[in-house]
Structure formats: structure tokens, C-alpha cells
Amino acid sequence: MALSKKTRIAVAGYLFLLPNFVGFLVFTSIPVIVSLVLSFCKWDLFTPPKFVGVHNFTLLFHDADFWRYSLNTLFLMLAIPVNMMGSLFLAMVMNQKLRGIVVFRTIYFLPSIVAGVGTYLLWKWMFNPDYGMINTIITHWSPGWFYDAMRRLCGEWPPRRLQSMGWAKPALMLMGFWTTVGGYNMILYLAALQGVPLDLYEAADIDGANRWQKFWRITWPMVSPTTFFIFTMSLIGGFQGGFEQAIVMTGGGPAGATTTISYYIYNHAFQWNHMGYAAAIAWVLFAAVFTATLLNWRFGGRVVHY
Amino acid sequence: MTNARTSACKTVTYLVLGFVGLFMLLPFFWMLATSLKPADEVFTSFDNPVKAFVPRRVHTENYGQVYAATSAMGGGFARWYINSILVAVVVTLGQVTTSACAAYAFARLKFPGRDKLFLSYLGTMMIPGAVTMIPNFILMRKITEWLGATAPAVDWMQMRQVMLFGHVYDVGRLAGFDSYFALIVPVMFSAYGTFMLRQFFMSIPRDLEEAATIDGCGLFRIFTRIILPLSRPALATLIIFTFMGNWQSFYWPLIMVSQDSMKTLPLGLLTFMGLYSTQWTLLMAGSLMMIVPMIIVFVVGQKWFISGIQLGALKG
């Protein structure tokens, strides 16, 4: 063997990497390049692809549906801060030395574990306007005057939930709250809270600080790296969200009210065979994710205390 | 603080915890209650909502009916269960094995271009799934043609069947749409798993490996005898995450599979929903059967779950 030790290690390195790298190349790297090329083409899968320059992107810019569905996506993302506040609140409640806390943690975590087609079906049934759980409870347990007032105010009461233009998005957001509030984010916050040194609170107690001040001056700054991390991840997920809900629960309706960008891409690519156009939207989505993450790093970084 | 005040505080905390717990569990109760009702009982109104949670007569037949109603659909629920288990297990094994090998290379072995390659792995983690999904879909569509051109002796479009214990089962094509190949191979490689394990391997002290090298241990033996055993917590976490993610996987199977016998549980449930759109008792029984394995995996592996989440974030 004339190979030096260094060469042997390098060869071993390539060999260890090889299986994963081949998969990475074939199913990730090359597809990224192909989809970029595709976004400048028109292709229906049956006739040969045709290069059309930036046509897809100009089309996209004038596509009223695209803008509407982008707004839908952003609207659904308004739930992110609410969910995060919920997670932080729960984490703070659970960060006390209390008996049985593990049981509660398990229960809270459950929805995020099972989230998927099964729970979407479940919520579709719960949102059933006539026999679903939510409207059954509202109809029977709200006081008469409230019921009448809401009926006069909203026109329909209880609302038709997923079948109503105005209520479909809030319904999905409520389901999202149930899914995420006790999940990964809460565990992350819990870990962050356990890392806050107790003497900070003791010092604050001596200075006579109240709960509110202790929260804003100690807890909130101390968990800000976690807030930043969760917000970034939620942003990335939020831009790409809404696909499964649309397929299982609403079909993107009523009248497009719950169609998000990811569902729009699915329709163009896999329902209408607009491969080039779909790839163009996917790249615009990527650009949005990238920009938002970057802005978040640039401006969010300032309020984070490490 | 006085004792009375602390105990009042405790009571309030438990009230909050209990209320939130109820909010989390109520949908599951509703699911269970519906799945145990006779078909027509879900469409009656109640004067008291509590009654809506208690079936008048426990009707467990729904669960058997889910199997019976779908059995004509390429084997139905039982088959979808098997497909889901098969796909999730094989993908998990593949992902964890290839990720561990690659992570070892990235963490411990020096070779030209290593850090640039690792950066490119990291970079792709931010790219939306939709970007790569489209070319991969096209690849799976074309692959049968390409294989047919290179190996014309094999009929790549043929839907295969196997004989097992005296029964004939559809097992789809060898590759391309409606094949186990398409369900498994393209998702078997994970940049995230590589990243996570690499971070963990980096935290293992090098002394043991140096001692082993002096004793004449080769790199492969170091990997299997030292690195892997020391990484059990990280590996357990990755296995649980990957398995659960694949059990729920929906988008990729949806565009790969149209034949009933090749569907995984989420797809099967969707098909079932299309045919029995108002049979909520059956739909809820089916959903419940789909999520119960996940609840079991979660309760058993909870320790790894919680520590894994924290590992991913703190080191990431």
C-alpha cells in the first residue's frame, strides 16, 4: 500500500459520504437546477418543453389569483404570533414545580404529534355547521341574548364555518392553534425558561419589581433567542403551509378563500400540467421565504439578547 | 408570600392547566364518541351537548365496517396499513443509515471540498419542497421510458403481482408511478438527518477514537463500535422523528400513487373520505385507527422526543 494516511482518510470520507451524496444529487441538487430551468419554459408534459424566457414571471405578476392566494397565505400566517404567545404562556405555567406536570405536557403535545390527514378529517367534522361539535356547543350553551345579538350582527349564527367565506380562514387558524400551541414550540420555550438564572428574579424581587415588570425585563429578553428561532421556523413553514388542509378539508374553497400558494402550485403542476408555471411560482415562493428569513435575521437580530 | 396566597396560586394554575387540557382533548373525545355511534345518531340534534359525547349504545361495529367497506379497494384499510408500515420502516432505515455514514464523514474525516459540500447541504434545507417536487415528479414519470430504452427486455410499465400464502397481491410497477420504488427511494436521503447527526458526532470527545486507532482499529470499526453506540440518544430521536414524519407523509405519495392497492394510510383515508363523505362514524373510526400507532410511538419514545427537539434547536 503506497497510499499515505491522509489519502486513505480522504478516500474513506468519500466512500462514507457516497450513498447519501448520490441521493442528494439526484433528488435534491439536480432537481433544484431543473426546476429553475423549467421556470423559464412552458411545458405540459405531452409536447416538448418550450423556452419562453421570463414570460412565466410576467404572467405571474399579472395573475390576480396568485396575489389573492398570496394574501390568503399571509392572512393565515397572522396566527403565528398568537400561537407563539400561547406557547410561551403555557410554558410559563408549566415551568412551575407542580405535581402531574408531565401528564399535562403529554396531553398538550398530543395534537402536534398526530396532526395530519386524520386530524384534518376530525376538524372538518367538528366544523360541520349543523351537527359538528363546535356549533352544537355554541347553539346550546350560549345565552339567548348573546345568540340573538350575534345573529343580528353577523347575519348567520352560528357561522357555517368552513363553508363560509368569512369564517373559513379563522376556522383553519383555530385548528392550527390547537395543533401547534402545545407542541415543539412550547417544549423549546420550556427549555429556554429553565435556562434563565433564578438569581435574576431574586434580584428583581429585592428591587420590588412586580410580575409584569419581571416578565418584560427578565423573561422576555432571556427567551428572545428562542422566540427568534421559533419565529424564523414558523415563517418558513407558514409560507409553504395550507396544502393538506386545502386538499382534505376545503378543496381550497369556498371560492378560493382557503387556497394558499402551496395549493396553487399543486394545482398548476399536478392537476393542470403547467410544469413551467408551477416551477416559476415555486421559485417566487422560495424567494419570499429567503427574503423573509433574511429580513428577520437583519432586523430581528437587533432585539435578541444573547 | 403567605401560604394562603401560594395555594390560591396553585389552584389557579391547575385550573388553567385543566382548562387547556380539556381544549386539547375534547376533539379526541369527539372523535372517539363519533366512531362508536350508529350511523344515523350523528345526525340528530341534542338538547344538551354533553349527550353528543356519549353514544346511546356503544357501536363498535364501525371499526370492522371500515375494513369491510374498503376491502374491495385493492385490499383496503388492511393493505394501506401494511403499505404505511413498510414505507415508513424502509425509509427510516435508509435515511438513518445514509445520514449516519455521511454525518461521520462530515464530522470526522478530512477530504477536499468537505466544508463546501456541507454548506450546500445546509443551503438546501431552506428550499421549499415544491421546488424539488416538480422535477422529481417528472423524473418518476419519465423513468419507466428511460429504463425501457436501456433495458428493453424488462416490461417496466407492467403492474406486477406476487403470490404470498396462496393469495395474489398487486405490488405495482418496478419503478415510476404506482411503485414502491417511487414511494421509498426519492425520500430515503435526508439533509436534515445528516446535519443533526453531524452536530451530535462533533460533540463526542475524540480520545476514544485515538486510543482505538493506536490499537489498530480501522475507520469503519471506529464508526460502528464507538461513534454509533455513543450516539444512541441522537439516533433514537432521529428514528422516531423520521418514522412519524413518514407515517403522516401525504404530498409525495399523493402525486406518485393512483392505484388503490399501492396507497398509504393518509391517501387511503382521503380516498375513503371521497366515497363515504357523510359517513362520519366510519371516517372517525378510520382516522382513529390511523393516529393510534402514532400515539403509542409517542408515549413510548417521549423521552427521546423532548430531548431531540431541544437538541435540534440549541445546536442548530
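**Exercise 1. Contacts of one residue**

Leaving aside its neighbours within four places in sequence, which residues is A282(A) in contact with?

Solution. Residues are numbered from 1 along each chain as its sequence is written, and chains are lettered from A and ligands numbered from 1 in the order in which they are written. The model is predicted: local features need pLDDT of at least 70, side-chain atom pairs count only at pLDDT 80 or more, and totals for chains, interfaces and linings use all residues.

Step 1. In chain A, the partners of A282(A) are S35(A) and I265(A). In chain B, they are P128(B), A130(B), V131(B) and I134(B).

Step 2. A nonpolar core is a set of buried Ala, Val, Leu, Ile, Met, Phe, Trp, Tyr and Cys residues joined through C-beta atoms within 7 Å. A residue is buried if 20 or more other C-beta atoms lie within 10 Å of its own, exposed if 12 or fewer, and partly exposed in between, with C-beta atoms placed from the backbone. The largest nonpolar core has 150 residues, and A282(A) is among those that touch the most other members, as are I265(A) and I134(B). Helix α3 (residues 76-108) of chain B gives the largest share of this core, 13 residues. Helices (H or I, at least four residues) and strands (E, at least two) are DSSP runs, numbered from the N terminus.

**Exercise 2. The two chains together**

Describe the contact between chain A and chain B by its residues.

Solution. Step 1. Count both sides: 70 residues of chain A meet 71 residues of chain B.

Step 1. Find the main contributor on chain A. Helix α1 (residues 5-38) of chain A supplies the largest share of that side, 19 residues.

Step 2. Sort this side by class: 54 residues are nonpolar, 15 are polar and one is charged. Here Ala, Val, Leu, Ile, Met, Phe, Trp, Tyr, Cys and Pro count as nonpolar, Asp, Glu, Lys and Arg as charged, and the others, Gly among them, as polar.

**Exercise 3. Overall form and domains**

What radius of gyration does each chain have, and what would a compact globule have?

Solution. Step 1. The radius is taken over C-alpha atoms, and the globule rule is 2.2 Å times the number of residues to the power 0.38.

Step 1. For chain A, a compact globule of 306 residues would come near 19 Å, but the chain has 25 Å. For chain B, with 316 residues, the rule gives a value near 20 Å, but the chain has 25 Å.

Step 2. The C-alpha atoms of chain A fill a box of roughly 70 × 60 × 35 Å, and the trace of chain B spans about 80 × 75 × 40 Å.

Step 3. Look at the domains, whose bounds come from an automatic or database domain assignment. Chain A has domain 1 (1-38) and domain 2 (53-303), with C-alpha centres 38 Å apart. Chain B has domain 1 (1-59) and domain 2 (62-315), with centres separated by 36 Å. The contact between the domains of chain B takes nine residues from domain 1 and eight residues from domain 2.

Step 4. Complete the inventory. Chain A holds 16 helices and two strands, and chain B holds 14 helices and two strands. Buried residues make up 41% of chain A and 40% of chain B.

Conventions
Two residues are in contact if their C-beta atoms, placed from the backbone, lie within 7 Å.
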